[in-house]
Amino acid sequence: MALPLEGIKIIDFTGVQAGPACTQLLAWFGADVLKVERPGVGDVTRQQLRDIPDLDALYFTMLNSNKRSLTLNTKTPEGKRILENLIRDADVLVENFAPGALDRMGFTWERIHEINPKLIFGSVKGFSEGSPYADIKAYENVAQCAGGAASTTGFWDGPPTISGAALGDSNTGMHLAIGILTALIGRQKTGQGQKVAVSMQDAVLNLCRVKLRDQERLEHVGYLEEYPQYPNGKFSDTVPRGGNAGGGGQPGWVLKCKGWETDPNAYIYFTVQEQNWGPTCDAIGHPEWKKDPAYTTARARQSHIFDIFAEIEKKLADKTKFEAIEYLRKFGVPCAPVLSMKEIAYDPALRASGTIVEVVQEERGKYLTVGSPIKFSAFKPDITGAPLLGEHTDQVLATLGYSGDQIAKLYQDKVV
Ligand code: COA
């Protein structure tokens, strides 16, 4: 069947992770995504953290599947003309250059809108227009720090901590994809394109909304009852780092299982769900706690929650993390094993669902990458390998009407 975004033409003028993650998602769902890259260089991630000499790095291949690649020097007059022609015929252009870079190239939003008023222009920057940091270049961790993630992640007696999840990069790309799809629907009504801008700071903050909630609560009541600091520790006037505490009304913690002394991931996450307290007491071998006032409410338990977690660890001490989960699920405890990346990479269920897939790139051969985390009932995205640098240059130029000789001249002049 035709994929939902089939027929949508996207100029992918992006690099590194935030922009490419956005356009890759749209490509999975059927959009024709044409990556525009600097001749001879390409997206910097082609060369970053290479595992095999001279081959595109996995950093690149796992963010650029299902795309085509055109090399184009957009600082040359002919390169600009080619880009203009592409813009005239496209539905979407996405970019995540350093602040001002696209303007310096001559492609301001106003100019792009003039060339093709129907085109949707998606843009990622570290900070929003008008921000005092708007001129700063940004990478993942810059955004995690500016968006509230770092100050609220880690332990209270340690420094602000960066998450391994790409909250600044891929998350911003996902926000931008939602914005672009919204603008495409808007265009059906108005016939007009528009600029869709997402800053990495804002996208991180959007995921840290519960911490903003906590800031407001703290200002109202002076404490946060689900944090380990309550009731025995002190609160300042800002949200503290809560270690592995649960972010909602259900306390939880990372607990040791059999083998933790040697395996850094022999842990589970255990949630003390309020409405499941009875079965939880049975699971951890303390049925008497069901009626003991020191245990019956979350507030009563909080002052000795770490003693409770220690008791649960004792109960789990003879179980591996997988055995612990098998045991606890019978009691309705919300829980999960802490899975290592190795376990995830070889997880048969994640492979079967298409969340992790093996694909082929011409020179690299087979490699592992992510598939769509979004599952549709009417289609399953078919993930293909990333393009080689300039793999589709001749094809695209021919479509634009260039003859073989003209294409050869463009190579000679280093336009492509
Ligand atoms: N042809 C000609 N020139 C090209 C080109 C092409 N096809 N593609 C890029 N360039 C040029 C740009 O115009 C720019 O030139 P200029 O500095 O003379 O204006 C130059 O290459 C560098 O561009 P840029 O990608 O912005 O690289 P950078 O190394 O300066 O900064 C980032 C990299 C990621 C820090 C920066 O792009 C940024 O802050 N982006 C916004 C936030 C973001 O998305 N961060 C990455 C998250 S994964």
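**Note on the ligand site and a surface patch**

1. By class, the shell around the ligand holds 12 nonpolar, 5 polar and 7 charged residues. This is a predicted model. The shell comprises 24 residues. The closest to the ligand are Lys75, Ala98, Arg104, Lys137 and Ala138.

2. Which secondary-structure elements each supply at least two residues of the shell? Helix α4 (101-104) does, and so does strand β5 (120-125).

3. Now the backbone contacts. Ala98 places a backbone N or O atom 2.7 Å from an oxygen atom of the ligand. At Ala138, a polar backbone atom is 2.7 Å from a nitrogen atom of the ligand. Thr74 has a backbone N or O atom 3.0 Å from a nitrogen atom of the ligand. As for cover, the ligand taken alone exposes 930 Å². The protein buries 82% of that area.

4. Next, the surface. Phe155, Trp156 and Phe306 make a nonpolar patch of about 280 Å². Phe155 sits in the loop between α6 (140-146) and α7 (170-190).

5. Why does Phe155 count as partly exposed? Its relative accessible area is 34%, and partly exposed covers the range between buried, under 20%, and exposed, over 50%. Patch residues need over 30%, so Phe155, at 34%, passes that cut-off.

Note on methods:
Residues numbered from 1 in each chain as written. Predicted model: local features only at pLDDT ≥ 70, side-chain atom pairs only at ≥ 80, totals over all residues. Heavy atoms only, no water. Patch = residues over 30% accessible without salt bridge, like charges linked within 9 Å, V, L, I, M, F, W, Y side chains within 5 Å. Areas by Shrake-Rupley, 256 points an atom, 1.4 Å probe, with all protein chains shown as cover. Salt bridge = Lys/Arg side-chain N within 4 Å of Asp/Glu carboxyl O. Helix = DSSP H or I, 4+ residues; strand = E, 2+ residues; numbered from the N terminus. Buried < 20%, exposed > 50% of the residue type's maximum accessible area, 1.4 Å probe, protein only. Near = heavy atom within 4 Å. Polar contact = N/O pair within 3.5 Å; in protein donor to acceptor, adjacent residues only side chain to side chain. Nonpolar A, V, L, I, M, F, W, Y, C, P; charged D, E, K, R; others polar.
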